[in-house]
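Let's take a walk through this model together, one chain at a time and then across the contact between them. Keep the 3D view open as you read.

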Amino acid sequence: MFEKLVNIICNYVEVEAGDIHPESRFMEDLGFTSFDFMSMLGEIEDEFDVEVEQTEAVNIRTVQEAVDYLGKLVSEE
Amino acid sequence: MLCSNIREILINTEKKYGSEDAVRYKKSKNEIEAKTYTQLKEDSESFSCLLKALGEQGKHIAVIGMTSYPWLVTYFGTVNSGSVIVPLDVNLPAEDVCDLIARSDSTVLVYDEVRKDVAAIAKERCPQLKTVISMQQQEHDGQIYSFWKLLEEHKGSFDFTPEPEQLCTIMFTSGTTGKSKGVMLTHRNVAENATCLDMKIPERIVVLSVLPIHHAYCLSMDILKGMSLGAVVCINDSLMRVAKNIKLFKPEMILMVPLMIETMAKKLEEASLLPAKIVKNQVFGKQFHTICSGGAYLDPSYIDLFKKYDITIQQGYGMTECSPVISTSQRWNIRKDSVGQLMPNCEAKTVDGELWVKGSSVMQGYYKMPEETKETLEDGWLKTGDLGYVDEDGFVYLTGRKKNLIITKNGENVSPEELENALSANRLVGEVLVREKNGVIEAEIYPDQDYVKKKRVKDVKAALQEVIDTYNTGAAPQKKIYSLVVRDTEFEKTTTRKIKRF
């Protein structure tokens with residue numbers, strides 16, 4: 001899941017896949033804007049066939065947190 | 001056609017396109033539901049009837065929620081009955097929302113269930129608030145009315161023509177004083193802003209509305225301008241799903257803030273090896289042709305980039321205090337470095353480098369803030385706070401901002417003083433300066449040295465980061481601080497001991 005997410009992340013910011021770590025923060029470290037982040041959540045919905053809850057998703061700050069949240073969603077499906 | 005009250009806009013279009021779709025929105029994941037112009041007119045008149053029945057006609061009606069059909073019915077039903085709409089930011093913390101309900105003297109609150117937290121405390125916090133209406137609740141229940149049930153009970157037509165000079169909106173904007181100000185706009189202010197310029201936009205155009213509805217830009221352009229042209233206004237349900245909703249609703253035009261344009265540009269460039277036409281059709285669809293940009297500064301290079309994909313970016317400039325559009329570019333007359341030509345109902349002059357504007361869209365003042373009004377309006381001229389000038393052809397050029405106000409890339413106004421005050425409340429924070437840097441809000445802090453020693457704080461940076469994290473938890477999204485700089489020395493001060501900003 002981490003690798004899949006990294007691939008999606010690379011579509012939004014100019015960061016090499018190797019430079020993306022679980023503890024990387026989307027905005028501060030990877031240079032995401034808030035709208036980049038929202039758009040990525042939309043892409044994640046399609047890619048993983050899940051429904052993201054916007055109010056919960058806005059609290060995600062790091063890649064690991066995103067992986068954990070996604071894991072939860074996928075297991076609920 | 002120039003309209004001087006908002007009711008005219010809806011009535012004229014309903015006469016022409018009554019049975020055509022006015023609003024389209026998602027009913028479920030891939031299913032679209034629509035309401036016609038006749039339905040919108042009738043439902044909004046029923047809303048006017050219910051305000052009258054409740055004894056609230058002419059009063060101030062607060063509304064909070066995402067863009068939705070009930071929101072629009074509330075809007076038209078309120079203003080077209082001579083009442084005053086108070087649109088509130090759906091992302092504000094409940095306490096702040098209640099403060100605005102109280103300060104605007106609203107007697108009715110119409111809310112989307114996403115903000116049931118507001119409804120739960122509003123009556124207690126706002127003594128003048130009499131009626132609370134839920135947009136989704138099916139039945140009346142104790143203290144809370146059902147929107148749909150009320151409409152049904154008060155179904156009827158409502159014949160009332162508001163005067164052009166009648167107040168119709170109090171719209172809150174944040175200011176440098178840290179306290180948000182309620183911009184008072186009349187029917188003429190708003191209706192003429194939306195209808196005085198012929199932008200040669202084809203009638204019945206399909207637009208996708210993605211901006212927050214409490215913003216003057218969205219309300220004036222997407223809704224009022226759109227509806228004056230008999231447009232189909234499609235509602236985007238979440239910023240997460242703009243790309244998906246473009247495919248679903250197939251819009252021809254979208255109003256965006258620069259932040260969104262930047263993300264869309266990445267989407268286009270990601271597939272830059274393919275022919276431009278194919279990429280454009282994949283991302284925006286064949287039918288799409290125009291993006292209107294406003295709310296904040298757009299790097300002009302995006303205009304060229306989108307041109308490659310046969311998409312025109314029309315840039316505009318404005319502020320809530322001017323209902324809001326001051327200037328806009330026309331597709332046949334774009335000058336890249338300019339934010340477009342002055343609106344026909346607007347004149348401008350430059351005073352000490354600052355742009356002042358005058359005309360039928362300039363606000364009446366800030367609600368119950370005579371001092372702030374006096375500072376901003378002078379003999380009918382509105383001081384924009386922007387540094388700039390207008391050339392002989394009426395093109396507006398901006399060179400900077402006079403005020404300290406931070407305009408984030410999505411067009412939100414953030415007052416640095418407000419954030420500084422919040423952080424200063426912590427003893428560890430000695431001096432603080434908040435500013436915008438590389439698109440995010442940054443706080444530079446000089447820790448209180450005595451406190452550091454007294455409490456034997458070892459890792460000052462970590463402790464300050466914790467202060468920021470705590471602040472961020474309760475802050476509205478646009479006010480969150482994403483960067484921290486810790487200083488070793490005090491800030492340079494002015495003679496009056498104020499921190500020098502620049």
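**Starting with chain A**

Read along its sequence, chain A goes α-α-α-α. The radius of gyration of chain A is 11 Å, close to the 11 Å that the globule rule gives for 77 residues, so chain A is as compact as a globular protein of that length. The radius here is taken over C-alpha atoms, and the globule rule is 2.2 Å times the number of residues to the power 0.38. In all, chain A has four helices and zero strands; helices (H or I, at least four residues) and strands (E, at least two) are DSSP runs, numbered from the N terminus.

Before going further, a word on what you are looking at: this is a predicted model, in which local features need pLDDT of at least 70 and side-chain atom pairs count only at pLDDT 80 or more, while totals for chains, interfaces and linings use all residues. Residues are numbered from 1 along each chain as its sequence is written, and chains are lettered from A and ligands numbered from 1 in the order in which they are written.

Back to chain A. Its C-alpha atoms fill a box of roughly 30 × 20 × 20 Å along the principal axes.

One spot in chain A is worth a click. D49(A) sits in the loop between α2 and α3 (54-57) of chain A, and its phi is near 50 degrees, a positive value in a residue other than glycine. D49(A) is exposed, with 10 other C-beta atoms within 10 Å.

**Over to chain B**

Chain B has 16 helices and 27 strands. With 502 residues, a compact globule would have a radius of gyration near 23 Å, and chain B has 23 Å, which agrees. The C-alpha atoms of chain B fill a box of roughly 70 × 60 × 50 Å along the principal axes. Of the 502 residues, 47% count as buried. Residues 24 or more positions apart make up 63% of the contacts in chain B with a separation of 6 or more.

Now find helix α8 (residues 216-228) of chain B. Its axis and that of helix α1 (residues 6-17) of chain B come within 8 Å and cross at roughly 50 degrees. That makes α1(B) oblique to α8(B). Angles under 35 degrees count as roughly parallel, over 145 as roughly antiparallel, 65 to 115 as roughly perpendicular and the rest as oblique. The axes are lines fitted to C-alpha atoms, for helices over the stretch in contact, and angles run from 0 to 180 degrees between N-to-C directions. From α1(B), I6(B), I9(B), L10(B) and T13(B) meet L224(B), M227(B) and S228(B) of α8(B).

What does α7(B) do with α8(B)? The axes of helix α7 (residues 187-195) of chain B and α8(B) come within 8 Å and cross at roughly 70 degrees. That makes α7(B) roughly perpendicular to α8(B). Here V190(B), N193(B), A194(B) and T195(B) meet S220(B), L224(B), K225(B) and S228(B).

S323(B) and P324(B) are joined by a cis peptide bond, with omega about -5 degrees, and P324(B) lies in the loop between β14 (312-318) and β15 (325-328) of chain B. D310(B), in the loop between α12 and β14 of chain B, has a positive phi of about 65 degrees although it is not a glycine.

**Where the chains meet**

The contact takes 16 residues from chain A and 20 residues from chain B. The buried residues of α10(B), including L259(B) and M260(B), pack against α2 of chain A together with β12 (253-256), β13 (290-293) and α12 (301-308) of chain B.

Methods. Two residues are in contact if their C-beta atoms, placed from the backbone, lie within 7 Å. A residue is buried if 20 or more other C-beta atoms lie within 10 Å of its own, exposed if 12 or fewer, and partly exposed in between; C-beta atoms are placed from the backbone.
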